[in-house]
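Biologist: Could you walk me through this one, with the rule behind each term as we go?
Modeller: Gladly, let's look at it together.

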Amino acid sequence: MVEVADTAVRAGLSGPRHPADPARRREARAGYGLMSPALLLMVAVLALPLAALIVLSFWTQSGFTLDRTFTLANYWRLIAPSDREVEWMGLTFRLAYPVPAILIIKSLVMSLTATVAVILLAYPMAYFLAFRVHRNKAAWIILLTVPFWTSYLLRVFSWKVVLGYNGAINSGLMSLGIIDAPLEFLLYNPAAVTITLAHSWVSFIVLPIYVSLEKIDRSMLEAASDLGDSKWKRFRRITLPLSMPGTISAALLVFIPTVGDYVTPELVGGPGGTMIGSLVQQLFTKQNNAPLGAAVSLVMMLIIGAMVLIFLTLIGYWRMRARRAA
Amino acid sequence: MTARPAEAASTTTPAPLLRIERITKSFGNVDALRDIDFTIGRGEFFSLLGASGCGKTTLLRILAGIEQPTTGRLVIDGQDMAGVPANRRPTNMVFQSYAIFPHLNVEENIGYGLKNLKLGKEETARRIEEALALVKLDGFAKRNSHALSGGQRQRVALARALVMRPKVLLLDEPLSALDKKLREEMQLELRAMQRTLGITFVFVTHDQEEAMTLSDRIAIVSAGRILQIGSPQDLYERPAGREVAEFLGSMNLLPVTVSGPASVDAGPLGPLSAPVKGLPDGTPAQLALRPERLSLVEGEGPAGNRLSGAVAEAVYLGDRIHYLVDIPGLARPLRVVAPNSVAPVLALGSPVAVTWPDEAGLVLGD
């Protein structure tokens, strides 16, 4: 994410500086030429559907008739206040239709937890791979990608087998005599969703973190030790900050798609583990209210966008401040 | 690692600060260092000189504690360094790549190690300022490390190590990435800095001229062994063997047989006079002659050590002229360096005699 923004800025700086230069114009044309297949695909499968979604969110639907007059009613519905109080996890909602708001907050919390778990699991693995494995690195990397050889759906299902009523954990504990009856709190709750999400993404996230660690010049680490750092201090002062950009992009790579995940909560979440994706799906199908579904997904998208932006700004600010303070 | 007074700059017989005792280092089956044993004096500028891959950098890294010796002992200032990790050694290193921390600015880079010394804010700031002045980077404190030139990075690396006031400063080819002019400038600065600070410098280089310019003593390293240790003058004028003789400067080598305490037999070239030390008669040896100790005379020339031949090549270099002289009966032409005098440059093919005083010849056993 950060790198992408960087490149864009650089490209923007060098692009229009000499607009009259014919060589540069030729280069720009060649660039667009190379980009055009991807660009066309993006327009066809991303920009156009997104535009359609935006348009749809300003319409209304009742039953099977679509009312094409422009209205903000869908958005208003998401925030319309009411005297009725709804309590959820200690939060009080005074909304006429509190379900989307609750699910949005819940999705964000679950996905943030999964992201933190993924980073905490993946970072040590990447560290081990980058600094402790000297021989057969390729073999280790292939081993890490083994989970990708099965489908995402199968991996989610296998968690059902592990956590289920007659699953691996319950039968294992029972045969050991630790419990008498199967534990029911393992499956069909937010925790199960978070565990499954974290597991599905870990091996995916090890690689970008590994790359950022592998890039660190070993003489930096030697220099830090030479200047009196213990191993832990050196990790905190050199390794961690230098691997931060890769780790942050990795975190965003987990956070952004998991907020809207639909399959995992459907399969292992049960009624308590529902996330925003399930609501959108229901609005589009069972509830027959595509315009409201469009509005919910757009609001979700804006919130994620805003969160990522705030996060990146804070990191930039924090870096600058750290520099000034030191 | 507290502040110590600067040692006297030049002591005639420096007390050993660093004792390297029979150190070997193996990587798998490869011996990188074999039986290294010598001492380095307090306040000395000591260079490890050798071709790349000879083991000099490995030795430096052992001194720093980054590598551990396979066998042998290292004592710094009376303290055995076995089991002392790099971060607790009284040494600091200037890395060949400089290893400037990219996420920190100049000031933070230089102050990096000071944070571990816990000197307090004022003392830390004072030392950083001092170090910046020492390496002539005043005003660069807040500069981003990305925005530094090669020479400036080198100075930051130097300041970052010196600010720790190490007992021994280790330098791993610190000047090799700089262009010639900057390198020569930095050599003089380094030498001056070492004299004023009185810190012991151990300097690794493959550049013999650099080693000679800077060092009090040089160790010539080859294939994991030390061939000879001595002052630049010792090594140049009294090389212990053929390898050292050829490594430092340029040397003519003539195959001879020892024929007396002050004479050798050069086969078809006849008898020659040279002081022979410790080699019995009949030993095959090499007569080593420095090109600048040889003289060229037109025609026959005076009696004494004299080889007649013809000029094969003359290269005019302004302050001096390099000649190659073909000697009948000698496989390789003799190299002769003549100072540029009023006499004109000798024409190619002109008959000449190469002469030298007896003491200019050095007889080296094979």
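**Strands, sheets and an interface**

Modeller: In chain B, strand β9 (residues 217-222) runs antiparallel to β10(B) and is joined to it by five bridges. This is a predicted model, in which local features need pLDDT of at least 70 and side-chain atom pairs count only at pLDDT 80 or more, while totals for chains, interfaces and linings use all residues. Residues are numbered from 1 along each chain as its sequence is written, chains are lettered from A and ligands numbered from 1 in the order in which they are written, and side-chain values use heavy atoms, leaving out hydrogens and water.

Biologist: What makes β9(B) and β10(B) a pair?

Modeller: Two strands pair if DSSP finds at least two bridges between them, and here there are five bridges, so they pair. Within that pairing, B:Ile220 stands opposite B:Gln228 in β10(B). Strands here are DSSP runs (E, at least two residues), and helices are runs of H or I with at least four, numbered from the N terminus.

Biologist: Why are β6 and β10 of chain B said to stand at the edges?

Modeller: The open sheet of six strands has the order β6-β7-β8-β3-β9-β10 in chain B, with mixed pairing. β6 (91-94) and β10 (225-230) each have a single partner strand, so one side of each is left without a neighbour in the sheet.

Biologist: Now the two chains: why is the pair A:Glu222 and B:Arg61 called a salt bridge?

Modeller: The rule asks for a side-chain nitrogen of Lys or Arg within 4 Å of a carboxyl oxygen of Asp or Glu. The closest N and O atoms of A:Glu222 and B:Arg61 are 2.8 Å apart, so the pair qualifies.

Biologist: How do you know how much area is buried between chain A and chain B?

Modeller: Buried area is the accessible area (1.4 Å probe) that two parts lose on being put together, summed over both. For chain A and chain B that is about 2000 Å², with carbon and sulfur atoms giving 51%. In contacts (heavy atoms within 4.5 Å), 20 residues of chain A meet 28 residues of chain B.
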